[in-house]
Amino acid sequence: MGLEEVKNIAAKCVHFGMCKIDFLGTGVCPSGIKHKYASYYPQGGMEIVNALANKLIPVTERLIDIARSCTLCGICDKQCYFVTELRPMKVMEALKEHVEAALQRNEPIESPAEDQVLRDLRGIVGEEWATNDPAILVTYSRDIGPVDPATLVSYSVDMRPVSYSGDISPCHLRHMPGYVVMPESTREVAEIIKAANRHKMPFVPRGTGQNSHGLTLGEGIIIDLSRMKTLEVDPKNWTATVGAGVTSFEMQKEANKHRMRASVAEPAACVCANMVMTGIYGTLCHAYGYAGDNYVDAEIVAFDGRIFRTNDTDAPNVLKYSLPAPGTFAPLPGICTQITVRLYPIVEDEEGILVPFSDLHEALEMMREIARSRLGLVDSILGLEYFAPFISPTFQASEELRRFFTEEMEVKYLLMVVGDKYTVRTIKEMADVTVDQEMVRTIMLGLPKFYSDEGMELLCQLSGAEKPYKLLFKEETRPLVEMSLSPSPENIAAVVDEDLQDFFKKLYSKPEMTDLVWLNMYRILSSRIGRNYAYAPSLAFVSLDNLDKVVEICDMLKSIGDKYDLRSGLGVITPLDFGKRAQMEYIYYFDQTNNQERENAANALIESMNKVNAFTQEMKAPALVSIVFQGLCRSENLLYT
Ligand SMILES: Cc1cc2nc3c(=O)[nH]c(=O)nc-3n(C[C@H](O)[C@H](O)[C@H](O)COP(=O)(O)OP(=O)(O)OC[C@H]3O[C@@H](n4cnc5c(N)ncnc54)[C@H](O)[C@@H]3O)c2cc1C
Ligand code: SF4
């Protein structure tokens, strides 16, 4: 297969970096594990093929090495299909063919010259870990965000309303860096910063590179921190101390060995990056808190190369940092090379439960009541546009599921609660109907029948004046539903590509794959948000004192999506500070390969940010974009106006 035939697959990579973590028990790309640069992972291969197809890079020594080091083991096909339904193996095969054909034609192999900056960087980290080879650089040159990075960054720094200044090329928004360097220690990070300052060269730290705000792009030096993998759990102290390259998934897995967990968000995000950038908001924030609530100490290399810990008595006050970071123009205190985060004990009788709603106001009322009563670990409202892909193995299945939920059953929102047996019992008392853990498993494993079985449709029609879901999820109806769905790993696996069905059967035989507690703790499903679409999230803190206003904001965000002809929907609402506020995420979906849709998404995002900001000021709540890069703050500094 040639590059032309696979370039459409390559262009759809969403850069979530799930191919860097072993979230399915398949192992991780052996080429990436060995060579560390993002370029050697499937994500890198996709980006390289995208660039080759657009004639952006020549054949170089690194390109040959990247192509040849892929063993065609097939791990990425399983991982990537699970998340996005893409098959990177085809792309890797095409890359190999392209490179071997070029070599056979005796095409020149370019080898970029080593300049003084590169010599200095290599002097610090060693020959292997600093490069200016275009095949490496290009994999660090783009993210999926629809908005020109400078526009968004200036917005989050100044909080001034901005308009979209489109800069869209056929290859989207590319910023080729000059160098990529991969330090292994704090000392090396400090030396790199000093060298960059000597050369007056901008630099940008990077974890997994998931962010969609252009924040890890830049024309100078990209400092890829993925080699900083120290990870230590202190069960007596209830803490984990991790290096800048450790992902949430890796930390959570290690903590789980001690029956503990941390508050994490995206599994492939690096803990340090996520904490510094957003303060890590997620469904567990309801119980575990947010931002400064969850870290105990952090090691920072300041932008003059000085190393300090936030707990040092003479440490700079990280709250007052507002100077732009070199290259990113964003207010970072420095590069966080290590962080110690709090862990919480796992209680053995934890369970998940869902409460279906057709009305957002009613869902908000219950969520707020649970939050203010301090019940449970998770207490979040999920929109159906968001939830359906999470539990569906293919895009087609999620479309069918969403239709069945919203149109046949009249369910628009699900309140998800995780807690101990007392919490679950209380939720059952509070709600008319609930979908308990057993029923969640039944629906997930019987998914294809759930949305296509005639018996299920008939049940919906029998509900009369009652909302159909109230009949469907009644205790008495349960045996009927279970019988109709005949849930099994075979049933759910039947909807995926034939050659992957055996793998999916085994996967769904694992109890954790349908366990709401496990799924919240590792969050491996939320990356499915990038299946078929890229996404642009509009974020806000809202006050829960006035629920009408929250509904109004949600409607306003939807009307912006409609105006720009975009698919959109409520993502998630999670209460913070026991129901004083909530963090709300509304999502615009767009095809990242379609320039018009990218532009529409950019405009929708900018307009929504401006309007959300006005709303949240009216509600005396801080807007979320203003706290990006202040994740090390006490949460009180962010949540109180
Ligand atoms: C599908 C999806 C869902 C998401 N959901 C959530 C969510 O629910 N909650 C949430 O909090 N976030 C969420 N995010 C955002 C994401 O977790 C953050 O962007 C996180 O920072 C990404 O981690 P990363 O390692 O990829 O960081 P990168 O993208 O590599 O870096 C992010 C920023 O941090 C800087 N940076 C990186 N490492 C360091 C460091 N060690 N020290 C200082 N600065 C550094 C970078 O320069 C950049 O500006 C989501 C992202 C995706 C793609
Ligand atoms: S097929 Fe190649 S790119 Fe994919 S996981 Fe295996 S070695 Fe990595």
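Modeller: Strand E17 (residues 567-576) and strand E18 (residues 581-590) pair in the antiparallel sense over 9 bridges. Helices (H or I, at least four residues) and strands (E, at least two) are DSSP runs, numbered from the N terminus, and two strands pair if DSSP finds at least two bridges between them. Within this pair, Ile573 stands opposite Met584 in E18. In general, strands of a sheet pair through backbone hydrogen bonds, in a parallel or an antiparallel way.

The model is predicted: local features need pLDDT of at least 70 and side-chain atom pairs count only at pLDDT 80 or more, while totals for chains, interfaces and linings use all residues. Residues are numbered from 1 along each chain as its sequence is written, chains are lettered from A and ligands numbered from 1 in the order in which they are written, and side-chain values use heavy atoms, with hydrogens and water left out.

The pair belongs to an open sheet of 7 strands, in the order E15-E12-E14-E13-E17-E18-E16, with antiparallel pairing. Strand E15 (435-436) and strand E16 (534-543) are the edge strands, and each pairs on one side only.

Two helices lie across strands of this sheet. Helix H15 (residues 384-391) lies across strand E12 (351-357), strand E13 (378-383), strand E14 (413-419), E17 and E18, and runs at about 100 degrees to E13. Helix H27 (residues 595-618) lies across E16 and E18, at about 5 degrees to E16. Axes are lines fitted to C-alpha atoms, for helices over the stretch in contact, and angles run from 0 to 180 degrees between N-to-C directions; contact means heavy atoms within 4.5 Å.

The domain assignment, from an automatic or database source, gives domain 1 (3-104), domain 2 (115-130 + 175-346) and domain 3 (351-437 + 488-630). The centres of domain 2 and domain 3, taken over C-alpha atoms, are separated by 28 Å. Contacts link 27 residues of domain 2 with 30 residues of domain 3.

Next comes burial, where buried means under 20% relative accessible area, exposed over 50%, and partly exposed in between (1.4 Å probe, protein chains only). In helix H18 (residues 437-445), 7 of the 9 residues are buried, so the helix is largely enclosed by the rest of the structure. The buried residues are Gln437, Met439, Val440, Thr442, Ile443, Met444 and Leu445. Ser484, in helix H22 (residues 478-485), is buried too, with a relative accessible area of 17%. Leaving aside neighbours within four places in sequence, Ser484 is in contact with Lys449, Asp453 and Met456.

One more site is the shell of ligand 2. The residues around ligand 2 are Cys29, Pro30, Pro42, Cys70, Thr71, Leu72, Cys73, Gly74, Ile75, Cys76, Met89 and Met92, a residue being near a molecule if one of its heavy atoms lies within 4 Å of it. Helix H5 (75-84) and helix H6 (88-104) are the elements that give two or more residues to this shell. By class, the shell has 10 nonpolar, 2 polar and no charged residues; Ala, Val, Leu, Ile, Met, Phe, Trp, Tyr, Cys and Pro count as nonpolar, Asp, Glu, Lys and Arg as charged, and the others, Gly among them, as polar.

Helix H6 also holds Ala94, which counts as buried at 1% relative accessibility.
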